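Work through the exercises below with the sequence and the model open. Each task is followed by a solution in steps.

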Amino acid sequence: MRPLLPLFATFILVYGCTTPEPYDVLIRNGQVVDGSGSPAITTDVGIRGDTIAAIGALSEAKGKIEIDATGLVVAPGFINMLSWATESLIEDGRSQSDIRQGVTLEVFGEGTSMGPLSEQMKADMLRQQGDVTFPISWTSLGEYLDFIVKKGVSPNVASFVGATTLRIHTVGFENRAPTVEELDFMKVLVGQAMEEGALGIGSSLIYAPAFYSTTEELIELSKVAASYGGMYISHLRSEGNQLLESLDELIRIAEEAGIRAEVYHLKMAGKENWDKFDVVVNTIDSARAAGLTVTANMYTYTAGSTGLDASMPPWVQEGGYEQWAERLQDPIVRKRLLKEMVTPTTEWESLLMGVETYEDILLIGFKNDSLKYLTGKSLAEVAEMRKTSPVETAMDLVVQDGSRVGAVYFLMSEENVKKQLRLPYMSFGSDARSLAPEGVFLKSSTHPRAFGNFARLLGKYVRDENVIPLEEAIYKLTSLPATNLRIKKRGALKEGFFADVVLFDPGEIQDRATYEDPMRYATGVMHVFVNGTQVLKDGQHTGALPGRVVRGPGYHPN
């Protein structure tokens with residue numbers, strides 16, 4: 001019988017000194033900012049498959065792909081808390097304007113979502129399509145998310161279910177409360193969406209028909225989302241004259257529904273409201289001190305972007321676009337609007353009243369090719385060209401374009417933007433599509449936030465102006481929103497987490513987009529990985545489409 005000791009020694013000799021399996025990706029010597037808010041450390045990151053396998057000194061290790069990250073920051077991929085890339089990603093799944101800023105997760109659902117859809121809603125969507133056209137092969141929100149990932153996208157995607165979408169599906173565009181049966185059906189739809197992976201309920205309350213929703217209706221829907229661990233997230237009913245009352249409504253919904261709540265793109269809109277910052281913060285702080293989870297997100301600009309519908313009262317929009325456009329051609333209605341659109345009010349949110357002059361409204365999105373020559377001009381310029389008043393011009397454009405007409409409104413103060421950046425519960429969203437300066441996207445313009453929102457934070461506000469430290473900014477771009485959304489294994493550089501990773505040059509990262517030339521890529525982001533696959537290499541897109549659906553805490557696969 002052979003002695004056991006020599007056999008054991010042979011095992012050690014043969015197997016104990018074998019070379020470790022190489023990593024698929026080995027990032028060396030980077031300034032690792034892990035998303036926790038902790039100081040950066042110079043170390044290595046090893047990736048195997050779709051997972052972060054090791055963080056630490058890996059000098060003896062090998063990688064199939066090795067990147068010398070000397071001088072670069074290595075961070076978790078950024079989370080875009082408010083993305084409108086639902087349709088642009090169907091056209092071009094590369095998500096270039098966001099990937100080139102380090103965004104690896106697009107979160108949809110501000111008020112409207114891509115499901116659940118009725119057959120009538122599908123017909124309306126097809127009729128309203130503009131530059132980007134596509135067949136609608138899905139019905140539920142979960143089916144849409146599966147569709148877009150199967151088609152191929154570079155970033156991960158997630159979505160809230162839109163309260164507006166639920167209302168249109170059930171009540172339509174009427175200005176009335178849902179019946180008991182309709183509300184019960186809306187709640188069933190919420191439960192279905194949550195089980196499909198929705199993150200919660202998203203509302204956008206300045207727009208018709210969402211404007212017609214009562215607080216009580218939103219509380220009932222939110223109770224269902226809360227039972228699945230979801231969040232309520234809202235474009236407040238007012239961001240201007242009724243801002244404080246609207247914030248109180250969000251807090252009431254959070255308290256009575258027992259749900260976490262977040263404010264979409266927090267702002268004090270209109271110069272007369274800029275001084276409300278301290279009261280807003282005190283209100284949120286009081287709610288948080290009382291045990292409620294109330295957070296906010298923002299974009300890093302002093303101008304917002306929406307449509308000309310945000311300049312008109314909700315009553316004229318009741319019934320949907322066709323009835324709205326018909327009313328705008330009625331002389332009696334027009335006479336009434338000529339007064340209401342320029343009269344200060346607390347009854348509805350008028351962005352037309354929030355700007356200082358009509359030069360502060362830029363027209364950026366037309367559906368009708370015959371009007372695209374007006375893209376980039378101010379409402380004042382177009383009114384002068386047409387020899388009509390700005391109010392009449394706005395009405396005429398909505399009718400002639402067959403759409404709400406995309407517009408940029410200059411509403412906020414730079415001082416408040418900086419103060420908001422410092423709030424401990426603040427995360428970030430572009431409130432824009434993810435685009436490329438090519439193809440069909442060149443038919444319309446955009447807000448520069450589509451190309452620069454995240455790079456602007458890290459370049460202008462972190463590096464150049466020292467408003468907040470780099471580690472805090474990374475935390476607010478990654479771990480904070482992931483925690484708020486209850487997303488598992490994303491938002492941090494940790495062993496066992498998904499390998500969503502961005503490498504950028506902190507001295508070079510910069511937004512390049514301007515209001516005059518908004519389709520310019522940001523610079524300074526060198527490499528981006530999504531689920532372990534490289535989608536950006538040396539600042540250029542690789543063409544890879546490894547994005548997945550990121551589902552909320554209530555997900556229940558069939």
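**Exercise 1. Strand β1 and its partners**

Task: Find which residue of β5 is the bridge partner of Val-32, and which strands pair with β1.

Solution. Step 1: In β5, Val-32 has Val-74 as its bridge partner. β5 covers residues 73–76 and runs parallel to β1, joined by two bridges. Strands here are DSSP runs of E with at least two residues, helices are runs of H or I with at least four residues, and both are numbered from the N terminus. Two strands count as paired if DSSP finds at least two bridges between them. The model is predicted, with local features requiring pLDDT of at least 70 and side-chain atom pairs pLDDT 80 or more, while totals for chains, interfaces and linings use all residues. Residues are numbered from 1 along each chain as its sequence is written, and side-chain values use heavy atoms, with hydrogens and water left out.

Step 1: β4 (residues 63–68) pairs with β1 in the parallel sense over five bridges, and Arg-28 faces Asp-68 there.

Step 2: β2 (residues 41–48) pairs with β1 in the antiparallel sense over six bridges. Gly-30 has Thr-43 of β2 as its bridge partner.

Step 3: Of the 10 residues of β1 (23–32), seven are buried, that is, under 20% relative accessible area with a 1.4 Å probe and protein chains only; exposed means over 50%, and partly exposed lies in between.

**Exercise 2. The six-stranded sheet**

Task: Give the strand order of the open sheet of six strands and state which strands stand at its edges.

Solution. Step 1: The order is β9-β10-β11-β12-β13-β17, and the pairing is parallel.

Step 1: The edge strands are β9 (161–162) and β17 (426–428); each has a single partner strand, so one side of each lacks a neighbour in the sheet.

Step 2: β17 runs parallel to β13 (residues 294–298), and three bridges join the two. Met-298 stands opposite Phe-428 of β17.

Step 3: Helix α9 (residues 243–257) packs on this sheet and touches β11 (231–235), β12 (260–263) and β13. The direction of α9 makes about 160° with that of β12; axes are lines fitted to C-alpha atoms, for helices over the stretch in contact, and angles run from 0 to 180 degrees between N-to-C directions.

**Exercise 3. Gly-496**

Task: Where is Gly-496 placed, and is Gly-496 buried or partly exposed?

Solution. Step 1: Gly-496 lies in the loop between α18 (479–485) and β18 (501–504).

Step 1: Its relative accessibility is 34%, so Gly-496 counts as partly exposed.

Step 2: Leaving aside neighbours within four places in sequence, Gly-496 is in contact with Thr-51, Ile-52 and Lys-489.

Terms used
Contact = heavy atoms within 4.5 Å.
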